Every structure is written in structure tokens, then in C-alpha cells.
Amino acid sequence: MLIGGFHSYAQSRITGRVTSGNSKEGLAGVTVLEKGNPTNGVSTGVDGDFTISVAGPNSVLVFSFIGYITREVTVGNQQNINVGLNEDARALEEVVVTAFGVEQERKSLSYAVQQVDSKLIQETNQPNALNALRGRVAGVSIQSAGGAPGAGATIVIRGINSLNPSANNQPLFVVDGIPISNETNLTGGRGGDTFSNTNRFADINPDDIASISVLKGPAASALYGLRASNGAVIITTKSGQAGKTTFNFRTSASIDEVYRTPPMQDRYGRGSNGVYIPTEYRADGPPIPAGEPVYDQWDQVFNTGHQFQNNFSFSGGTEQATFYGSVGRLDQTGVVPNSEFDRTTVKIVGSLKTSERLKIDGSANFINSNGTNPRSGTGGSGVISYASRYAPDVNMLNYLNPDGTQIRYATQLDNPLFFAENAYQDESLNRIIGNMGLNYKLSDWLSVDYRAGIDYYSNQRRIVTRPTVLIAATSRGSISEQTLTYQEINSNLLITGERQLNENFGLTVSLGNQVTMINSTDVTGSGTNFILPDFNSVNNLGQYTVRSFPTERNIIGAFGDAKLNYKETVFLNVTGRNDWSSTLPVKNRSFFYPSVSLAYIFSETLGLSQNRFFNYGKVRASYAEVGKDAAPYLLGNYYSTQAPFLGVAGIRRSETIGSESLRPERTKGYEFGVELAFLGNRLKVDANYAIQNSVDQIVPIPTSRATGFTTYVTNAGEIQNRVLELVLDASLVKTNDFSWNSIFNFTRLRGEVLSMPEGVDVITFQPESPWVKQRIQTGGRPGDWYGWALSRVEDPGNTANGRLVIVNGYPDVNNNWRGAALAEDSYIGNAFPDFEGGWNNSFNYKNFSFSFLFNFRKGGYAFDINRRMRYGSAGGEAPTGAETELRNRLVVFDGVVNTGTVESPVWVENTTPVVLDVQNFYSQSFRYRLAKEFNGFQEASVLRLQNVNISYSLPKTWLAKTPFSNVTASVTGNNLWMTSPFVGFDPEQSAYGPGSNVFGYVGTNIPATRSVYFGLNVTF
């Protein structure tokens, strides 16, 4: 019988389902063959279902799948055959996807790789698949940019590797063997985010993903070269399976709500210094009279959002040709006005085996997305920052006058709802990702694999700031139109020879070449002065200028990979790669980096593979180097044209100059690991310890203006990251009807700056203000916070040591009593946690499935930018936070007063009563508002119920006389619960957006949401 073509009349039609004997979950891709008839075979669908016609009752079906024990079943008089396949204990999750999409046996790997399959990704219902990995992979930190529709996410593997505030610390993303862009192109650059931008990996439809492998260390990613210096994320998408054509439709709808908001005071209304002023927005007035309406600022600004996800896919083919296709659609409305996002994806995949030697495959993926989001950002002009400052007796929903103009209470504040409608960004994207590959077997031991791919997108953005909002008061309105185009072409050639040298030794050698060409263009036109107030067009502007910034980057790599194994017990892997980069000087353009790794399965030597308690043990060690080149156009000096002034154009020399001897950065890494399995693989342990040193950092160094420049780019500095990773995988219960599997992962990361560029003591990352900043310096860690603290006595020999310093009855800040407050700051803590991890549990009982995922982080400080806007009355701040509700009473602060001099202080107990109110305390810089204890610094430990999923599949007997092979209904919840000492919005939502190197700032973007999805999955 020929599958998918003409076939003979069958005697028996068999249907059934193949499941994992451990979890009872359906297994996709299992080969089902009629024994003795190799042309009659099918593969199971996404839920393990199959249909096959056989000659008669004496036929035998053979079920085989990688990592599982092959099973044979005689048909007999059965019409429905359900088969459970048991894991092969010797396989131990045998195959994982590594560099260039090559599948390798897990036991042969001598470095850390962790893989997540499609089921775990899909059951989260996350529209951005990167967020589905949160809490699931040790050594990996993923941070969302918030709850805005289409908001992106940041991923960092084993810590920050660069001293440069504008460097890219994210890993390389590879889809089906071809690198793709995960750029974010933040509005405002990597240092800031005024709008919620999307990382480009979020363009990929999660329903198309079969698995994601994370290559963590230099040894794992060395073959990908300099672009994988921060690790690599390898995505394998779904492909066609031989057999009957199957169709799948999955749909879900969600309810999204903001689940955590800062507490606000509701006792004091608008006014100033205790006096009611009806046109004021600050909550510094008298107590709100009984019976007067009181409004919750967050209830008024936040709505209920929704997501609608629909995906249709089909798959089928023969043993010679397969196909897969899908169409996906996402529609999302946000929790604030004027926020929405939609994404349409179309994917087609095909493969053709023209002979026993030649196989050709290819895929094409088209993505279109559109979104609108209001300005949020990190400053005082944004929807969230405006909402946080309105007094609780102001009805923000009543914001329009009869003539359509805004009801404005002050010259420093817009209504957040009006602002959302009049200061926003529209964007649209069209993207094509495609690749074509062929594999030719020159002989039974030698093959050639060639693959070429393209990633092209055009991203149009329009930023509108109408003249009716305050930030446009000077410009009288502005529009910025930006077109970002990106094109990446990759060519990969891989020649692989594999021989069993003798009964003890096996050798695999690969030689390859990779060519990468990246071209991007940023064309931005911006203008000001609206002619008509409501006409959003660049043709309606009085002034308009256009700038274009093209970049080009070419990389050529040649590499070799040799794997030697001894009795499938000892595995030695040696790689070497040489890259040539166009962004480096000619004399330093070529650079080589090697890796060597060794794994030893000692349980085989000790004969433990059949031991009932301890059946598997492996140790591994590796050393690797990987490079990183410079960004385009950092060498030497460049010039740019300037807009005409009084009709005269000009040319300006850049104030940055790059060294003509610039070298590539290098990361050198050691990794040690152990893998253990107990009780017949019921309990698995994977532990890693890694040390990575990043040297020859490419950093901008401030220089004297006397040189004619302000910045010099050169090589200097070194960062070390030490990481401990632990993964525990336990099959706690396994019966015919019930299974319980639990996976726990833990990460402890410590970074340290070992050296700084000569002449540079400190590099400051994105200071929010003089009293809030992150500093990098020798002996410190990336993410170290510095700021101003309440003043305390610093005299170990004095009984008053450590007590608060009181000046004029109030606490003092940053030793202002000494007269040098602005010249000092002190260490506060670090933005990164002491440790983090996740705990996932999955249960299966007959047709029911239930799973939940907790993730956690302990320690680390976040700075809540929004908090400082909620307690003062200076600079547009307003005392709306709950911490300001204690007012209008006399207090005596517990501390000491200096009755001596600054040089010879004499400390006595403070006994001075003072008034606790807005004017004298909360709004005073050197009494309250600038101290780290009050200005927004808080510990950001979190325990979160990240995901819960419950599903039910209709029994197969119910579907026997229907066209459906599977019908599953599900309910999924994300961010259902969390506890944290942090007071405010979710402390894990970055205010600076995805792709930024600035971590720990929170509180001004659209906050994270709690989402509940109702889904249906049908296969036919």
C-alpha cells in the first residue's frame, strides 16, 4: 500500500492512540508500520492518534519512537488499538537538538542543554513563546516588559557579559537551523523605553513550535560563533508526518486583568497645604468630607483586556514526501485605553525524499502584526505616572469639556485617559522567514547538508503627540515616522562523516562553513507644529526632517567538530571555529576560538544500568572560548550631515572615536556537570557549575574634550559570572490510570567585575537621578544599586552608632548635616536575585490533565519609579500613596541630635516634636523623598503561581463514529497569584523594555495582567 496515493483495498481499518507509558499523554510522531510491508506505515498525530489499513487479522503492527522501547501488536479482531510505549531506560531522554539543528543523544553531550517541548509551551497560552519558558529552564532569566498588548520579553543566559551599557546581552535565536533576529529596536534605544515594543521572536506562532533547546555555555554554542557568545536558543518547528492527513484547530479566549496595584490613600482630597482647591490635582487638601465620592485611580484607568487566539494546521504525507501548514491569528485588546495588538501568521513546510541518498526540505513563514500603545515610559509623562498622581476625589472619567477640550487641573498633569488617546505609537510589521535545505548521502558514512535561509522584515512606526497634551506645549504637536528594515541571509554548509572505527571506538567529524550577511536601515522622519490640531499627518506639520541610518555587517565562519566515543561510555568532543567579521579592523578581523569537552558514563563501567536503585550516572567537563565582534561603525571617526539652519546645511563630526586596533571580546568558560538517574529513571538529577570570564570588553570610555572627542571606544575590562544550576525531574507516581511528574530547577548566579578600563573607575548605567543609579566598578557586580540613605551615626566607639541623625526634628538624608550630600552615595543592593527557579507539576488521570508551575526569586532590589511620584508635592509629584496617609500630627522621631560640630559631633537624644505632613516631611528632599528607605527601593523577592492548566479529552469511544480523533477542552491561568515584600506593581516587569541592559527599574509601564483562558482543541 502506498500512503497518500493509490492503494489496494484493505481488509481491516485500525484506529487507535499511542501514549507514553509513564504519563499517559499522547505521543506525536510515533511510526506505526505493518510488519513485513515497509511501504504501509503512518505516523501518529499531535495527540498520538493514528489510522491505518492492514491486510487482515494476522497482521502485526510495529510501534517505534526515539527514546522508547519498540512494541509489536497483533491485530487479531481488534478495530481499535491503544498502545502505551515505555521509555527506554538506556536512552534517558535520548535525543536533543543542538547546534545547526543536529539531533544528538543526550548521553553523548558533554555540556549543559535543556529542552522544552511543545506541550509545555502551548498549555501556557502565552502569545509570546519566550514568556512560556519562564521558570522552566535553569540558568535562564526571562523578564517581561509588562502587560501591554504585544509587549516583548528579555532573556539572559548565565548573566550579563558586557560592561557596555548599550551592548546586546541576549542569546542567538535559531529556527530550524537558521539564525533569525530577536531585535527589539526600542523606541529611545537600549537605554530607554517610552512605548511597549515587541521582541522579534514574539512574531513566531507558538503553535508552530515543536521544541525549544537552550544552549547555555560557550561549549554548547561555540559552533555558532560570535553571535552565540551569550548562548543560543534553538527552536525546532513542526513538520509533516507520513500518514493520513490530519487537521487540527485550536481556539482560546481570555480575560485579562491587572492583579497587583500600589496601595493609595483615600482620605485626603485635592488642594494644597491642607486647603481645598477645586482646580488642583494634588492630594494635599483637607480630609474628604463624609458622603463625598472617592475614586480608586487604578479602577478608573484599567479596563478588562481580552485575547482571542485561533490556529488551524494540517499535516500528512508519505514516506517520500511530507507537508505541514498552519494559519494563526491573535487579537488582543489591552487593559488601558487605545491599546491593541493583532498578529497573523502563515507557515508552510515540505520535504521530499527523491532517493535513498537525497532529501530536500524547505519552509516559509509570513507574519503580519499591528499594534497601538499609549506612551508609558520611565519619566513623568505617561499613562501610569499621570494616573498615580490624581487625588482620590477627582473623577478621571470626567475629562472632557463640552467643546471636546481636556479638563485640566494643573499645568504639570494630563488626564491619563485623554493622554492615552492623544500620545501613542502605531506600528505594523511584515516579515518573511524562509529556508531551503538539502541532505545528500555520499556514502553510508559520509553526508553533505546545505541550508540557506532569509529573515526579512519591515517595521513601520508612527509616534503621534497631539498639540493638546502638555509634553507638546513647546513643539505644538509632533509626529515621528520610522521605517525599520532588516535583512539577514545565512548560508550553512556541513559535511559529516561518521564511522565505527572498531568495536570500541566510534568517530564523527564535521566540517562546515557559515556565511552571514545582515543589512538594516532606520529611516526616521520627524516634525513639529501641527497646522490643524486633529489631523495626524506629516503633511500637517510646519517643520519636518528625515534621517537615514543604514548598517551592514558580514560574518564568515569556518569550523570543525570532532566527536570520539569509547564503547558509548566515554565521549570526547573537540571543536574549533574561525570567524572573519566586517566590523573589526582588517588586522584583527580574523579570530579563532576552540572548545574541548569530555563526558563519562561511569554507570556503564560499574554495570549499574540494570540496578533498581541507581541506574545511570554521568560526569562531564568542558572548556570553551567564544568571541563577540563590535557593532557596526565603531572604528575610527564618522561624519553626519546636519539639518539646514537659515538655509545653510552642515556636516558634523561624531564626538565618538573608535580604536583602530579594536579586538573582539572573548568569553572563556569552564563547566562541570553531573547527571544521575535513580529508580529506573523515576528520579533524575542534572547539576552544573560554570565559570565564565568575558575579557577584552568593547567599551566606550569618556575622554577629555580637549581631544576633540567625548568618547573613545577600546578593549578593556573583565566580567566573571559563576553559576550553579540544578534540575530535579521526578516521576512520583506511575499507574495505569494515574501519573504525577514533578520538575524543579534552581539557579544561583554571581557576577563580578574583575577589572575596569584604564582611567575609568565607574561606569554608570542609566541613572534615574543623582540619588538613584546603577554603577559598575572593580570588585562590584553588574546591577549594583547606589543611592542616598537616611543619615546615621558612623562612630563604632559611640553608643549612638547606627542611630538616625535628626536635624530640626526630622530625619536627615545622605549626611546632608555635614554639608556634602550631593557628593556622596552609598551601596544599596543588587538588582539581580540571590537565587531563582521554578517548580512544575503535571498530573494525568484517565482523560484529565492538570498542571501548575510556581516560579520564585529570592533577594534583589527593584526601584519603583512610580513610588516617588506618589508621595511629594515637588516636580509634579503628588501625595497619593498610602504611605502618605499618616498626616497632621505631632511626632518625635527616634534618633539623635548633634549638639557639637561637624568635625566633633556630640550626640544627644532627640526630643523635638514636629508636624508630620506633606509640606514639612513627605515632599522634603533631605528629610524623606530622596532617601532609599522611602524613594522606591524595595526588595523584589517573589513567589508566583505562574501557570495552571486543566484539560479534559473526550473518550475515544465517544468519538468512534465521528470524524474527530480528539476533542480537548481546557482552562488555563497565568499569573494567578503572587506574594512579595515589594509594594507596588509587579516587580518583575522591566520599565525599560525588552533588549535593554537596564534591569531593576519598574513601575511606569503597563503592568502585568492575570489572564484566564478558555480553550478548545480539535483534531480530525
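## Exercise 1: the nonpolar patch

Strand E24 (423-441), strand E26 (478-500) and strand E27 (505-530) each give at least two residues to the nonpolar patch; strands (E, at least two residues) are DSSP runs, numbered from the N terminus. This is a predicted model, where local features need pLDDT of at least 70 and side-chain atom pairs 80 or more, while totals for chains, interfaces and linings use all residues. Residues are numbered from 1 along each chain as its sequence is written, and side-chain values use heavy atoms, leaving out hydrogens and water.

Task: is Tyr-440 buried, exposed or partly exposed?

Solution: 
- Start by finding Tyr-440 in strand E24.
- Next, use the cut-offs: buried is under 20% relative accessible area, exposed over 50%, partly exposed in between (1.4 Å probe, protein chains only).
- Tyr-440 has 33% relative accessibility, so it's partly exposed.

## Exercise 2: Glu-427

Task: which side chains make polar contacts with the side chain of Glu-427?

Solution: 
- Glu-427 also lies in strand E24, and at 16% relative accessible area it's buried.
- A polar contact is a pair of N or O atoms within 3.5 Å; within protein, one must be able to donate a hydrogen and the other to accept it, and residues adjacent in sequence count only if both atoms are side-chain atoms.
- One partner is the side chain of Asn-459, at 3.1 Å.
- Another is the side chain of Arg-461, at 3.4 Å.

Methods
Helix = DSSP H or I, 4+ residues; strand = E, 2+ residues; numbered from the N terminus.
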